[in-house]
Amino acid sequence: RLRALACVAAPPAAFGRREAPRRDPASFRLFASGSGDPGESADDDGPRDYLAELSWLPPLDPTKEIEEIDPEASPQTMVLPLFPLGSTAYLPHSDHVLNIFEPRYRQMYSDILFNGSRRFAVPVSNPETGRLATVAPVFYLEDLKEVSEQTDDAVKYVCSHKVIGRVRINRTLNDKVWRDRTTYLKAVVEPLEDGDDDEDLSTRERALTDRFTSIIENQTKLQEPVRFTENLKETLSAARGEDGLWRMAGLWQSLTQNRLAAKESELSDEIQKLLRQYLESQGQDMRSKVTVQFDSLPAEIRAEFTRLQQQYREESAAMVKATIYPFVLLVQCDTHAERLSVFGEMLEEEEKRLQAKVALQSLFSGGMGGADAKGLDEPPTEA
(Lines give C-alpha, C1' and ligand atoms only; values in the text may rest on other atoms or scores of the structure.)
Protein backbone atom coordinates (compact mmCIF):
# COMPACT_ATOMS: atom_id res chain seq x y z
CA ARG A 1 0.00 0.00 0.00
CA LEU A 2 1.00 3.57 -0.60
CA ARG A 3 0.36 6.19 2.04
CA ALA A 4 0.20 9.94 1.63
CA LEU A 5 0.41 12.65 4.29
CA ALA A 6 1.76 15.85 2.75
CA CYS A 7 4.48 13.57 1.35
CA VAL A 8 3.90 10.05 0.12
CA ALA A 9 6.15 7.05 0.44
CA ALA A 10 7.66 5.07 -2.39
CA PRO A 11 6.16 1.66 -3.19
CA PRO A 12 7.67 -1.21 -1.23
CA ALA A 13 9.66 -2.48 -4.22
CA ALA A 14 11.43 0.82 -4.73
CA PHE A 15 14.51 0.02 -2.69
CA GLY A 16 16.45 -3.00 -1.55
CA ARG A 17 17.41 -3.35 2.11
CA ARG A 18 21.07 -2.64 2.73
CA GLU A 19 23.13 -3.18 5.85
CA ALA A 20 26.04 -0.79 5.73
CA PRO A 21 28.69 0.30 8.19
CA ARG A 22 28.69 3.96 9.19
CA ARG A 23 31.58 6.00 10.54
CA ASP A 24 31.73 9.50 11.98
CA PRO A 25 28.34 10.73 10.73
CA ALA A 26 29.31 14.31 11.65
CA SER A 27 32.24 14.18 9.22
CA PHE A 28 30.13 14.69 6.13
CA ARG A 29 26.95 16.53 5.37
CA LEU A 30 24.04 16.14 2.96
CA PHE A 31 22.95 19.38 1.33
CA ALA A 32 19.83 20.00 -0.77
CA SER A 33 20.69 20.25 -4.43
CA GLY A 34 19.00 20.02 -7.77
CA SER A 35 19.68 17.12 -10.09
CA GLY A 36 21.68 17.31 -13.27
CA ASP A 37 24.88 18.77 -11.81
CA PRO A 38 27.60 19.07 -14.44
CA GLY A 39 30.67 16.94 -14.28
CA GLU A 40 29.06 13.58 -13.48
CA SER A 41 30.31 11.67 -16.53
CA ALA A 42 32.95 9.00 -16.09
CA ASP A 43 36.41 9.10 -17.58
CA ASP A 44 36.65 7.90 -21.19
CA ASP A 45 38.55 4.80 -20.12
CA GLY A 46 35.94 4.00 -17.49
CA PRO A 47 36.45 3.54 -13.76
CA ARG A 48 38.77 0.89 -12.36
CA ASP A 49 37.14 -2.53 -12.00
CA TYR A 50 37.98 -3.27 -8.37
CA LEU A 51 35.79 -6.38 -8.31
CA ALA A 52 37.91 -8.01 -11.02
CA GLU A 53 41.05 -7.57 -8.88
CA LEU A 54 39.73 -9.41 -5.84
CA SER A 55 40.85 -12.93 -4.96
CA TRP A 56 38.21 -15.60 -4.33
CA LEU A 57 38.11 -19.06 -2.79
CA PRO A 58 37.08 -22.03 -4.93
CA PRO A 59 33.31 -22.64 -5.03
CA LEU A 60 32.00 -24.41 -1.96
CA ASP A 61 31.70 -28.15 -2.65
CA PRO A 62 28.75 -29.77 -0.81
CA THR A 63 30.05 -33.24 -1.71
CA LYS A 64 33.36 -32.70 0.11
CA GLU A 65 33.82 -34.64 3.32
CA ILE A 66 33.82 -32.60 6.52
CA GLU A 67 37.37 -32.06 7.78
CA GLU A 68 37.91 -32.13 11.53
CA ILE A 69 40.84 -30.25 13.08
CA ASP A 70 42.03 -31.42 16.50
CA PRO A 71 43.34 -28.28 18.27
CA GLU A 72 45.54 -30.36 20.58
CA ALA A 73 47.12 -32.29 17.71
CA SER A 74 47.46 -29.17 15.53
CA PRO A 75 47.95 -26.25 17.93
CA GLN A 76 49.47 -24.05 15.22
CA THR A 77 46.40 -24.39 12.97
CA MET A 78 43.96 -21.51 13.37
CA VAL A 79 40.29 -22.31 12.73
CA LEU A 80 37.65 -19.58 12.73
CA PRO A 81 33.91 -19.55 12.08
CA LEU A 82 32.87 -17.82 8.87
CA PHE A 83 29.92 -15.44 8.82
CA PRO A 84 29.55 -14.28 5.19
CA LEU A 85 27.56 -11.06 5.12
CA GLY A 86 26.90 -10.64 1.42
CA SER A 87 28.00 -7.39 -0.16
CA THR A 88 29.23 -5.22 2.70
CA ALA A 89 32.87 -4.25 3.15
CA TYR A 90 34.06 -4.06 6.75
CA LEU A 91 37.29 -2.23 7.53
CA PRO A 92 39.76 -2.81 10.39
CA HIS A 93 39.11 -0.73 13.55
CA SER A 94 35.45 -0.14 12.64
CA ASP A 95 32.52 -0.96 14.94
CA HIS A 96 29.36 -2.82 13.96
CA VAL A 97 26.13 -4.10 15.50
CA LEU A 98 24.49 -7.25 14.15
CA ASN A 99 21.06 -8.72 14.86
CA ILE A 100 21.31 -12.50 15.06
CA PHE A 101 18.27 -14.60 14.19
CA GLU A 102 19.34 -17.63 12.11
CA PRO A 103 19.69 -20.83 14.18
CA ARG A 104 23.15 -21.62 12.79
CA TYR A 105 24.53 -18.24 13.85
CA ARG A 106 22.81 -18.42 17.20
CA GLN A 107 24.86 -21.58 17.67
CA MET A 108 28.02 -19.82 16.43
CA TYR A 109 27.69 -17.10 19.06
CA SER A 110 27.08 -19.68 21.77
CA ASP A 111 30.23 -21.52 20.67
CA ILE A 112 32.54 -18.48 20.53
CA LEU A 113 31.33 -17.41 23.96
CA PHE A 114 31.83 -20.90 25.38
CA ASN A 115 35.34 -21.34 23.98
CA GLY A 116 36.31 -17.75 24.81
CA SER A 117 37.58 -16.78 21.36
CA ARG A 118 34.79 -14.28 20.60
CA ARG A 119 36.16 -14.12 17.04
CA PHE A 120 34.89 -14.94 13.56
CA ALA A 121 35.76 -13.95 9.99
CA VAL A 122 33.38 -12.05 7.72
CA PRO A 123 34.21 -12.62 4.04
CA VAL A 124 32.37 -10.77 1.30
CA SER A 125 30.80 -12.88 -1.47
CA ASN A 126 31.14 -12.46 -5.21
CA PRO A 127 27.85 -11.04 -6.55
CA GLU A 128 28.06 -13.15 -9.71
CA THR A 129 29.42 -16.50 -8.49
CA GLY A 130 28.75 -16.50 -4.76
CA ARG A 131 32.39 -17.42 -4.06
CA LEU A 132 33.87 -16.08 -0.83
CA ALA A 133 36.79 -13.66 -0.68
CA THR A 134 40.13 -15.14 0.34
CA VAL A 135 40.85 -12.26 2.73
CA ALA A 136 38.35 -11.33 5.42
CA PRO A 137 38.11 -8.97 8.39
CA VAL A 138 37.96 -10.51 11.86
CA PHE A 139 35.09 -9.48 14.13
CA TYR A 140 35.58 -9.50 17.90
CA LEU A 141 32.42 -9.77 19.98
CA GLU A 142 32.44 -6.97 22.56
CA ASP A 143 28.87 -7.15 23.85
CA LEU A 144 25.86 -9.44 23.44
CA LYS A 145 22.30 -8.77 24.51
CA GLU A 146 19.62 -11.45 24.66
CA VAL A 147 16.46 -9.94 23.12
CA SER A 148 14.37 -13.01 22.27
CA GLU A 149 11.63 -12.10 24.74
CA GLN A 150 11.32 -8.54 23.41
CA THR A 151 11.23 -9.74 19.79
CA ASP A 152 9.11 -12.86 20.28
CA ASP A 153 12.24 -14.83 19.32
CA ALA A 154 12.45 -13.21 15.89
CA VAL A 155 15.89 -11.91 16.94
CA LYS A 156 17.95 -13.85 19.47
CA TYR A 157 20.93 -11.55 20.07
CA VAL A 158 21.94 -7.96 19.41
CA CYS A 159 25.72 -8.05 19.22
CA SER A 160 28.36 -5.30 19.18
CA HIS A 161 31.69 -5.96 17.49
CA LYS A 162 34.99 -4.36 16.62
CA VAL A 163 37.04 -5.36 13.58
CA ILE A 164 40.40 -6.29 15.10
CA GLY A 165 42.34 -7.54 12.09
CA ARG A 166 42.40 -9.54 8.87
CA VAL A 167 42.92 -13.19 7.96
CA ARG A 168 43.66 -15.10 4.80
CA ILE A 169 41.32 -18.06 4.38
CA ASN A 170 43.33 -21.14 3.34
CA ARG A 171 40.46 -23.62 3.05
CA THR A 172 36.94 -24.26 4.27
CA LEU A 173 36.30 -27.37 6.37
CA ASN A 174 32.59 -28.15 6.16
CA ASP A 175 31.23 -26.97 2.81
CA LYS A 176 28.12 -29.15 2.90
CA VAL A 177 26.57 -27.21 5.80
CA TRP A 178 26.39 -24.09 3.65
CA ARG A 179 23.62 -25.70 1.64
CA ASP A 180 21.68 -27.48 4.39
CA ARG A 181 22.17 -24.65 6.96
CA THR A 182 22.52 -27.13 9.81
CA THR A 183 25.40 -25.12 11.26
CA TYR A 184 27.92 -22.44 10.31
CA LEU A 185 30.97 -22.64 8.08
CA LYS A 186 34.46 -23.07 9.52
CA ALA A 187 37.80 -22.44 7.83
CA VAL A 188 41.52 -22.73 8.35
CA VAL A 189 42.94 -19.21 8.36
CA GLU A 190 46.17 -17.35 8.99
CA PRO A 191 46.59 -13.80 10.30
CA LEU A 192 47.38 -11.25 7.61
CA GLU A 193 49.84 -8.50 8.49
CA ASP A 194 51.37 -5.89 6.24
CA GLY A 195 54.74 -6.96 4.85
CA ASP A 196 56.31 -3.50 4.87
CA ASP A 197 55.96 -2.33 8.48
CA ASP A 198 59.63 -1.27 8.56
CA GLU A 199 59.43 0.83 5.38
CA ASP A 200 59.30 4.62 5.71
CA LEU A 201 56.34 5.79 3.63
CA SER A 202 55.83 9.15 5.34
CA THR A 203 56.31 11.16 2.12
CA ARG A 204 53.59 9.22 0.32
CA GLU A 205 51.37 9.37 3.39
CA ARG A 206 51.64 13.18 3.55
CA ALA A 207 50.93 13.48 -0.18
CA LEU A 208 47.80 11.35 0.13
CA THR A 209 46.62 13.33 3.15
CA ASP A 210 47.12 16.57 1.18
CA ARG A 211 45.04 15.20 -1.67
CA PHE A 212 42.21 14.25 0.69
CA THR A 213 42.36 17.72 2.23
CA SER A 214 42.25 19.33 -1.21
CA ILE A 215 39.17 17.30 -2.11
CA ILE A 216 37.38 18.49 1.03
CA GLU A 217 38.20 22.10 0.13
CA ASN A 218 37.07 21.68 -3.46
CA GLN A 219 33.84 19.96 -2.47
CA THR A 220 33.07 22.95 -0.26
CA LYS A 221 33.90 25.49 -2.99
CA LEU A 222 31.67 23.64 -5.43
CA GLN A 223 28.90 23.26 -2.83
CA GLU A 224 28.68 19.52 -3.44
CA PRO A 225 25.30 18.13 -2.29
CA VAL A 226 27.07 15.41 -0.27
CA ARG A 227 30.42 16.52 1.08
CA PHE A 228 32.82 16.34 4.00
CA THR A 229 32.80 19.02 6.67
CA GLU A 230 35.71 21.47 6.71
CA ASN A 231 36.71 20.75 10.33
CA LEU A 232 37.72 17.25 9.28
CA LYS A 233 40.88 18.50 7.54
CA GLU A 234 42.94 18.92 10.71
CA THR A 235 42.34 15.33 11.81
CA LEU A 236 43.48 13.48 8.68
CA SER A 237 46.42 11.12 8.43
CA ALA A 238 47.36 8.36 5.99
CA ALA A 239 49.78 6.70 8.39
CA ARG A 240 49.54 3.13 9.60
CA GLY A 241 47.17 2.28 12.40
CA GLU A 242 43.66 2.97 13.59
CA ASP A 243 43.77 6.75 13.25
CA GLY A 244 45.56 6.74 9.92
CA LEU A 245 44.72 5.36 6.50
CA TRP A 246 42.06 2.95 7.79
CA ARG A 247 40.17 5.89 9.29
CA MET A 248 40.45 7.85 6.03
CA ALA A 249 39.14 4.83 4.14
CA GLY A 250 36.22 4.59 6.56
CA LEU A 251 35.39 8.24 5.98
CA TRP A 252 35.50 7.71 2.22
CA GLN A 253 33.25 4.69 2.52
CA SER A 254 30.74 6.80 4.44
CA LEU A 255 30.82 9.39 1.67
CA THR A 256 30.02 6.81 -1.01
CA GLN A 257 27.23 5.31 1.10
CA ASN A 258 25.64 8.69 1.71
CA ARG A 259 25.81 9.57 -1.98
CA LEU A 260 23.93 6.36 -2.69
CA ALA A 261 21.39 7.24 0.00
CA ALA A 262 20.95 10.66 -1.62
CA LYS A 263 20.23 8.95 -4.94
CA GLU A 264 17.59 6.82 -3.19
CA SER A 265 16.07 9.98 -1.75
CA GLU A 266 15.87 11.47 -5.24
CA LEU A 267 13.86 8.47 -6.38
CA SER A 268 11.59 8.71 -3.35
CA ASP A 269 11.02 12.43 -4.02
CA GLU A 270 10.14 11.75 -7.66
CA ILE A 271 7.66 9.05 -6.67
CA GLN A 272 6.14 11.27 -3.99
CA LYS A 273 5.72 14.07 -6.52
CA LEU A 274 4.11 11.73 -9.05
CA LEU A 275 1.65 10.29 -6.54
CA ARG A 276 0.87 13.68 -5.05
CA GLN A 277 -0.01 15.08 -8.47
CA TYR A 278 -2.28 12.13 -9.16
CA LEU A 279 -4.07 12.38 -5.81
CA GLU A 280 -4.55 16.11 -6.16
CA SER A 281 -6.00 15.59 -9.64
CA GLN A 282 -8.54 13.28 -8.00
CA GLY A 283 -9.53 16.02 -5.55
CA GLN A 284 -7.89 14.32 -2.58
CA ASP A 285 -7.30 16.46 0.52
CA MET A 286 -3.53 16.12 1.08
CA ARG A 287 -3.78 17.34 4.67
CA SER A 288 -5.10 13.93 5.76
CA LYS A 289 -3.73 10.41 5.51
CA VAL A 290 -4.38 8.61 2.26
CA THR A 291 -3.93 4.91 1.57
CA VAL A 292 -3.67 3.86 -2.06
CA GLN A 293 -3.42 0.36 -3.48
CA PHE A 294 -0.67 0.38 -6.11
CA ASP A 295 -2.65 -1.92 -8.41
CA SER A 296 -5.55 0.52 -8.35
CA LEU A 297 -3.50 3.34 -9.87
CA PRO A 298 -3.99 4.13 -13.59
CA ALA A 299 -1.77 2.22 -15.99
CA GLU A 300 0.19 5.32 -16.98
CA ILE A 301 1.01 6.09 -13.33
CA ARG A 302 2.15 2.52 -12.69
CA ALA A 303 4.27 2.66 -15.84
CA GLU A 304 5.94 5.86 -14.67
CA PHE A 305 6.64 4.25 -11.28
CA THR A 306 8.30 1.35 -13.09
CA ARG A 307 10.32 3.70 -15.30
CA LEU A 308 11.60 5.66 -12.30
CA GLN A 309 12.64 2.49 -10.48
CA GLN A 310 14.44 1.16 -13.55
CA GLN A 311 16.22 4.48 -14.00
CA TYR A 312 17.33 4.37 -10.38
CA ARG A 313 18.68 0.81 -10.75
CA GLU A 314 20.69 1.80 -13.81
CA GLU A 315 22.08 5.00 -12.31
CA SER A 316 22.88 3.49 -8.92
CA ALA A 317 24.55 0.27 -10.09
CA ALA A 318 28.02 1.81 -10.27
CA MET A 319 27.41 3.70 -7.02
CA VAL A 320 26.57 0.46 -5.19
CA LYS A 321 29.82 -1.14 -6.40
CA ALA A 322 31.76 1.94 -5.28
CA THR A 323 30.56 1.42 -1.69
CA ILE A 324 31.90 -2.14 -1.58
CA TYR A 325 34.67 -3.45 -3.81
CA PRO A 326 37.33 -0.70 -3.58
CA PHE A 327 37.23 -1.18 0.19
CA VAL A 328 37.38 -4.98 -0.05
CA LEU A 329 40.52 -4.51 -2.16
CA LEU A 330 42.00 -2.29 0.58
CA VAL A 331 41.41 -5.13 3.05
CA GLN A 332 43.05 -7.59 0.66
CA CYS A 333 46.26 -5.53 0.16
CA ASP A 334 49.38 -7.21 1.56
CA THR A 335 51.27 -3.97 2.23
CA HIS A 336 50.63 -0.44 3.41
CA ALA A 337 52.33 0.83 0.25
CA GLU A 338 49.91 -1.06 -1.97
CA ARG A 339 46.99 0.26 0.07
CA LEU A 340 48.23 3.83 -0.36
CA SER A 341 48.28 3.30 -4.13
CA VAL A 342 44.77 1.82 -4.25
CA PHE A 343 43.32 4.57 -2.08
CA GLY A 344 45.14 7.17 -4.16
CA GLU A 345 43.39 5.92 -7.27
CA MET A 346 40.06 6.05 -5.45
CA LEU A 347 40.74 9.74 -4.73
CA GLU A 348 41.82 10.34 -8.31
CA GLU A 349 38.36 9.48 -9.59
CA GLU A 350 36.88 12.17 -7.33
CA GLU A 351 39.57 14.67 -8.32
CA LYS A 352 38.76 14.18 -12.00
CA ARG A 353 35.05 14.53 -11.33
CA LEU A 354 35.54 17.80 -9.46
CA GLN A 355 37.85 19.19 -12.15
CA ALA A 356 35.36 18.28 -14.89
CA LYS A 357 32.58 19.90 -12.92
CA VAL A 358 34.40 23.20 -12.42
CA ALA A 359 35.44 23.23 -16.09
CA LEU A 360 31.82 22.88 -17.18
CA GLN A 361 30.73 25.55 -14.73
CA SER A 362 33.32 27.87 -16.20
CA LEU A 363 32.13 27.06 -19.72
CA PHE A 364 28.48 27.67 -18.85
CA SER A 365 29.35 31.04 -17.31
CA GLY A 366 31.06 32.23 -20.48
CA GLY A 367 34.58 31.35 -19.41
CA MET A 368 34.53 33.77 -16.45
CA GLY A 369 34.13 31.11 -13.78
CA GLY A 370 31.62 30.99 -10.97
CA ALA A 371 32.01 32.14 -7.39
CA ASP A 372 31.97 28.57 -6.10
CA ALA A 373 34.60 27.41 -8.58
CA LYS A 374 37.03 30.32 -8.20
CA GLY A 375 40.37 29.26 -6.81
CA LEU A 376 39.80 25.51 -7.18
CA ASP A 377 42.96 23.75 -6.07
CA GLU A 378 44.87 21.55 -8.44
CA PRO A 379 45.14 18.05 -6.95
CA PRO A 380 48.69 17.47 -5.67
CA THR A 381 50.46 14.47 -7.12
CA GLU A 382 51.34 11.55 -4.88
CA ALA A 383 55.03 11.00 -4.37
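**Exercise 1. In this predicted model, find which residues touch the most other members of the largest nonpolar core, and which elements give two or more residues to this core.**

Solution. Begin with the core itself, which holds 45 residues, and in which Phe212, Phe228, Trp252, Leu330, Phe343 and Met346 touch the most other members. Next, turn to the elements: those that contribute two or more residues to this core are α3 (202-221), β10 (226-228), α4, α6 (325-332) and α7 (336-364). As background, nonpolar side chains in soluble globular proteins tend to be buried together.

**Exercise 2. Decide whether the residues of α6 are buried or exposed, and state what covers them.**

Solution. Going through the helix, one finds that Tyr325, Pro326, Phe327, Val328, Leu329, Leu330, Val331 and Gln332 are buried. Because this makes eight of the eight residues of α6, the helix is largely enclosed by the rest of the structure. The cover over these buried residues includes β7 (135-146), β8, α4, α5 and α7.

**Exercise 3. Work out how α4 and α5 are oriented to one another, and describe the residues of their contact by class.**

Solution. Helix α4 (residues 245-281) and helix α5 (residues 299-322) pack with their axes 10 Å apart and at an angle of about 175 degrees. Since angles over 145 degrees count as roughly antiparallel, α4 is therefore roughly antiparallel to α5. On the α4 side, the residues that make the contact include Thr256, Arg259, Leu260, Lys263 and Leu267, while on the α5 side they include Ile301, Glu304, Phe305, Leu308 and Tyr312. Sorted by class, the contact of α4 with α5 has 13 nonpolar, three polar and six charged residues.

**Exercise 4. Classify the two ring pairs that tyrosine 109 forms with phenylalanine 120 and with tyrosine 157, and say which parts of the chain they link.**

Solution. For tyrosine 109 and phenylalanine 120, the centres lie 5.6 Å apart with 65 degrees between the planes, and the pair is edge-to-face. This pair links tyrosine 109 in helix α1 (residues 103-114) to phenylalanine 120 in strand β6 (residues 119-121), eleven residues apart. Tyrosine 109 has a relative accessible area of 0% and is therefore buried, and phenylalanine 120, also at 0%, counts as buried too. The rings of tyrosine 109 and tyrosine 157 have centres 6.4 Å apart and planes at 50 degrees, so this pair is tilted. Because tyrosine 157 belongs to strand β8 (residues 157-172) and tyrosine 109 to helix α1, the pair ties together parts that are 48 residues apart in sequence. Tyrosine 109 and tyrosine 157 are both buried.

**Exercise 5. Locate histidine 93 and glutamine 223, and give the phi value of histidine 93 and of glutamine 223.**

Solution. Most residues other than glycine have a negative phi. Histidine 93, in the loop between β4 (78-82) and β5 (95-100), has a positive phi near 75 degrees, and with 24% relative accessibility histidine 93 counts as partly exposed. Glutamine 223, in the loop between α3 and β10, likewise has a positive phi, near 55 degrees, and glutamine 223 is partly exposed, with a relative accessible area of 40%.

Note on methods: Residues are numbered from 1 along each chain as its sequence is written. This is a predicted model: local features need pLDDT of at least 70, side-chain atom pairs count only at pLDDT 80 or more; totals for chains, interfaces and linings use all residues. Side-chain values use heavy atoms; hydrogens and water are left out. Axes are lines fitted to C-alpha atoms, for helices over the stretch in contact, and angles run from 0 to 180 degrees between N-to-C directions. Helices (H or I, at least four residues) and strands (E, at least two) are DSSP runs, numbered from the N terminus. Angles under 35 degrees count as roughly parallel, over 145 as roughly antiparallel, 65 to 115 as roughly perpendicular and the rest as oblique. Contact means heavy atoms within 4.5 Å. Ala, Val, Leu, Ile, Met, Phe, Trp, Tyr, Cys and Pro count as nonpolar, Asp, Glu, Lys and Arg as charged, and the others, Gly among them, as polar. A nonpolar core is a set of buried Ala, Val, Leu, Ile, Met, Phe, Trp, Tyr and Cys residues joined through side-chain atoms within 4.5 Å. Buried means under 20% relative accessible area, exposed over 50%, partly exposed in between (1.4 Å probe, protein chains only). Rings of Phe, Tyr and Trp (its six-membered ring) pair if their centres lie within 6.5 Å; planes under 30 degrees apart count as stacked, over 60 as edge-to-face and the rest as tilted.
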